[in-house]
Amino acid sequence: MLPLELCYCNTRNRCIDLSEMKQPPTIVKQSVKDYIVDPRDNIIIECEAKGNPVPTFSWRRNGKFFNIGKDPRVTMRKRSGTLEIGFRSGGRPEDYEGEYQCFATNDLGVALSNKILLRVSKAPLWPKEVLEPVVVTEGTPLVLACNPPPGLPPPFTFWMNSAMTPIPQDKRVSMGLNGDLYFSNVLIKDAHTDYCCNARFLFTHTIQQKNPFTLKVLTIAESTPTFLSPSGTESSKMVLRDEQLLLECIAAGLPTPTIKWFKKGGDLPGRKVKFDNYNKTLKIINVSEEDAGEYVCMANNHLGSIRHSIFVQVKAAPYWLDKPSNLVLAPEENGRLVCRANGNPKPIIEWLINGQPIESTPHSPSRQVLGDTILFRSVQMGSSAVYQCNASNQHGYLLANAFVSVLDMLPRMLGPKNQLIKVIVNNRTFLDCPFFGSPLFKNGQGSGLDGGHYRVYINGTLEIKRARAEDEGTYTCVANSMLGKAENQVRLEVKEPTRIVRVPEHRSAVRGSLAHFDCKVKSDPSLPITVAWSKDDKPLSLDCTVCMSMVVLIPCFYADRPDAPVELDLSDPTARSVRLTWIPENDHRSPVTGQYTLYMHPGRWQNLSTYPGDLNSVILQLAPYANYQFRIIAINAVGQSQPSRPSPRYLSNGAAPDAIPRGLRGWGSKKDNMEITWEPLLNLERNGPNLHYSVWWRRNDLGEGWSNVTTVESKHVIHNTETYMPYEIKVQARNEFGQGPESNVVVGYSGEDKPTDAPTDLQVSKVDSTKANLHWKPVDLSSVQGEFKEYRLYYWRESSLVPGLVVSKEKKTKGFYSIVAEPSGILSDLVPFSKYKMFLVVANNRFEGPPSNTVDITTKEGVPDAPKFFRINRRTFDTIHLEWDKPLEPNGILIGYQLKYQTGELVGRPQLETLPPNVTTFTLRMPDRSTRYKFYLSALTQVGSGEVYAEEKALTVCLLSSLLPCVCVCVLCVPPAYIDQVDIATQGWFIGLMCAIALIILILLIVCFIKRSRGGKYPVRDKKDLPLDPVDQKDQDGSFDYHSDEDNKPLQGSQTSLDGNVKESDDSLVDYGEGGDGQFNEDGSFIGQYTVKKDKDETEGNESSEATSPVNAIYSLA
């Protein structure tokens, strides 16, 4: 994949601008899916995206377009999609609860955020109640109910007395997961008058207290254990994968019962299990599918015991197996997007393009959807888009954005030119060649360097595994594509290392005599060399008695790596260990600080263990039935020695397997079989030859004996089974030395078949504009022939009751999980004023059953959606022209439109206009040209007014012209005024600036008049030679007619350079040869350009005059 940063910086911090490269939008920051906010703070919903062009942002709330402009409390940050909702001027945060989704859009596509469920934290008060004293007999159980008020998020509960001291808890007295206080048995000492339950709300940092309980205790004898929570002998629990499983058992009895936990048919997962609350709570973190099964808690005292079984079912929200990633392609290139996810039940994969379902977008011959994969063949320019993959099941969803960008760019080298790299001979060397371009191209060198001790990486880097003298030279990196090529050169110099080839030797000399110490150094001849000597680790000072050169008069000491140990010997063999002994060698004046052992198995040297430096004999722990060789490496402060010579070979004794095959499961690949699979043992776990597996199975519901088979494979298939029957299975590894431990018993199921029965008597009641209640008669669960997954409703929009409105008949589904005798459900998100058809099927994990009866319904008329668009154009100075289109979904028969408007300061009563349904334009005459106006437009049906489309516009125009032949026109266009911004025309600094500009223009006009009266020359054409262009003609009322060919392009001013020349820009008014309409865009911007068409010859002949003209400078500022 090509890099998509807008600026590449190389190692010399030289940045290369890539800003001209187009990039679809990508979401880089967003709020969490379940977003709880503090009601005392402003609400901030984050949405940040990158892209080129810079993306624009919009929001949906509860599935509908969220018009930010009509709500003064809601603002959007500049160059961002982050919403800020403030409440200084009033309002309730609860009014903004709902589901929000952000859309980031540019010319190449639309990226979507997750659906953000916004909820406001709540801390309700505790209901007032009068608590009667609780009278119990000693030895009996007791539960003091807390029942805290439901908050968001739920409060944290704890128990205290009136002195604000926590209630002491132990295995007899403890608080349950629901906040209640449980007494396994009550003692006389428990009689108190101040048992208070407290609820702490995290967001508001408040604590609320329940009225205190008064406890009175009478005396009684001992009792056998009973369960306070949970009740009965069995219960069930469903938990999602990777979440935390909490199981609780609280028992009563005197003496206090002891709680024990175990898993039926296996052991508890030791590394993930934790017991809390005095063994009453079993906690398993990061739950996986293997943790499903029957958990049993047992309570016992000396009078007896009692058990409770909890059946745990592990489901899974969708999780990624292969997340789609961005794809950059060149024209005519192929590619693919892959979106794979897993979950329980298996998630449904849905593809979208720019936020729209892929089925509803125009067909593209270069795109093919194959389930979780989209194939692209021979893509073309203009087919860039952002694709969304939504993987969902009943427990959650995943949403991923991945853009497909089709680029057409020349190759470009990003690294420094003609770089010089110096390396030491025999060292590994990397020559980097960073590049950019589209399509992807390959790097090639003139001599085809790839292979041997050269290796070329896909990013252009050339690796030289061991640099040699003959590798020195100039290397050329060439990047080729169908559009051209680029190249860069790197010069490599290979240098000899500097090393001491003759070390000084110890010498004894008579005082006053000459002592020679030789230190011979070898280095690369092209590099300067400096020799330094030291005495007792201090630099040697030069005087007349010392000759400083390669030969000196003092000893030179240095440390080096130790020599490798020698004479490795093996002794004292046992079943799983052996003693290794060795002789240390010279440490070269640096003590050995550590040693580690290598062993050869299987076929390569691996680190076995590390030992202190003062040892020369250790006992090694070995795996059974393995052929070993050992080596020792010594370590000191300088480094590590070479490995020693290998020890003699040693074959450890064999043994029965210690490991249990992992991942045991049973499942049906066909309706009449069950496949039993497991993971084979690793080589080091075999412990001997002739490894095979013994597999046992039996029907779980018949109480029959075990069947078994022995196999060398890691799979066994049982054929001719009944459909979807439970089996107990287990597996054991064996070899020639014996059998290993058996695995835990696991319950598997044979294959599923198609359900045979269909739901009957499907009926629909209480149909309104968007919802309908469904009722049906259930199927016999035995007819599902598999695990019951859901009742699945298929429904589609047959037609709309609005004449001439074409609708999509795409089938949609909705699942209902219900096993009650009279199942029902609510179907929502229907389109008003439409005819629907639907039928129901029952589904297991693999198949769907036959359909039920088909039902027709008709939804009632509703209020219409907002108009498709609402444009405000300014035809003349005092006239505004409004234009709109009918809603995409009228949701009924339109009877008209309702238009309200008033000044932006909200002064006076709003004006109301009711227009017939066939009218989609309106012209308004403005009494005040500089007043801000606010417009509200909505469509009407018999039910009422629909969603309001709100727009606010402002315009301030200053037109100055002289009566002299020196014609000057000053045009000031105020940028789009958003609702939450201050009117710039009323600011003091702005008024002062306009006055200063007007004064300067007046002075220039006076100078112009004086020069003309004196016969001065200046570049102004005579009126008789200045025919107005047809677009410059005036209206009958004397005003200019403004128009623009680029209504939707925002005006950007050019800048004046430091040397006084005007920097030309495509958007500068100096460069426009024609005037243009002043129009409002949909986003509220007002684009108007006013100028007189310049004579081409005159412009070319007076460049310097126009460049320094104050009038031109003012044009540039506009």
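**Labels and their cut-offs**

Reply: Of the 1118 residues of the chain, 44% count as buried. Buried means under 20% relative accessible area, exposed means over 50%, and partly exposed lies in between (1.4 Å probe, protein chains only). This is a predicted model: local features need pLDDT of at least 70, side-chain atom pairs count only at pLDDT 80 or more, and totals for chains, interfaces and linings use all residues. Residues are numbered from 1 along each chain as its sequence is written, and side-chain values use heavy atoms, with hydrogens and water left out.

Me: What makes up the secondary structure of the chain?

Reply: Four helices and 86 strands. Helices (H or I, at least four residues) and strands (E, at least two) are DSSP runs, numbered from the N terminus.

Me: Why does Ser647 count as buried?

Reply: Its relative accessibility is 2%. Buried requires under 20%, so Ser647 qualifies. Ser647 sits in the loop between β61 (630–635) and β62 (650–651).

Me: Which residues does Ser647 touch, not counting residues up to four places away in sequence?

Reply: Leu568, Leu570, Gln629 and Phe630. Contact means heavy atoms within 4.5 Å. Across the chain, residues 24 or more positions apart account for 64% of the contacts with a separation of 6 or more.

Me: Why does Glu567 count as exposed?

Reply: Glu567 has 61% relative accessibility. Exposed requires over 50%, so the label holds. Glu567 lies in strand β55 (residues 566–571).

Me: Which residues form the negative surface patch?

Reply: Asp560, Asp563, Glu567 and Glu585. Patch members have over 30% relative accessible area and no salt bridge; like charges are joined within 9 Å, nonpolar side chains (Val, Leu, Ile, Met, Phe, Trp, Tyr) within 5 Å. Asp and Glu count as negative, Lys and Arg as positive; His and the chain ends are not counted.

Me: What makes the nonpolar surface patch?

Reply: Leu999, Leu1002, Ile1003, Ile1006, Val1007, Phe1009 and Ile1010 make a patch of about 630 Å². Areas come from the Shrake-Rupley method with a 1.4 Å probe; for residues, only the protein chains shown count as cover. Leu1002 belongs to helix α1 (residues 988–1013). Its relative accessible area is 47%, so Leu1002 is partly exposed.

Me: How many salt bridges does the rule give?

Reply: The count is 33. A salt bridge is a side-chain nitrogen of Lys or Arg within 4 Å of a carboxyl oxygen of Asp or Glu.

Me: Why is the pair Lys29 and Glu46 called a salt bridge?

Reply: The N to O distance is 3.2 Å. The limit is 4 Å, so the pair passes. Lys29 lies in strand β3 (residues 23–30) and Glu46 in the loop between β5 (43–45) and β6 (47–52), so the bridge ties together parts 17 residues apart in sequence. Lys29, at 41%, is partly exposed. Glu46 is partly exposed too, at 24%.

Me: What does the pair Asp658 and Arg576 tie together?

Reply: Their side chains meet in a salt bridge at 2.8 Å, N to O. Asp658 is in the loop between β62 and β63 (662–667) and Arg576 in the loop between β55 and β56 (577–583), so the linked parts are 82 residues apart in sequence. Asp658 is partly exposed at 46%. Arg576 is partly exposed at 32%.

Me: Which residues are linked in a network of salt bridges?

Reply: Arg92, Glu94 and Asp95.

How values were computed. The place of a charge is taken as NZ of Lys, CZ of Arg, CG of Asp or CD of Glu.
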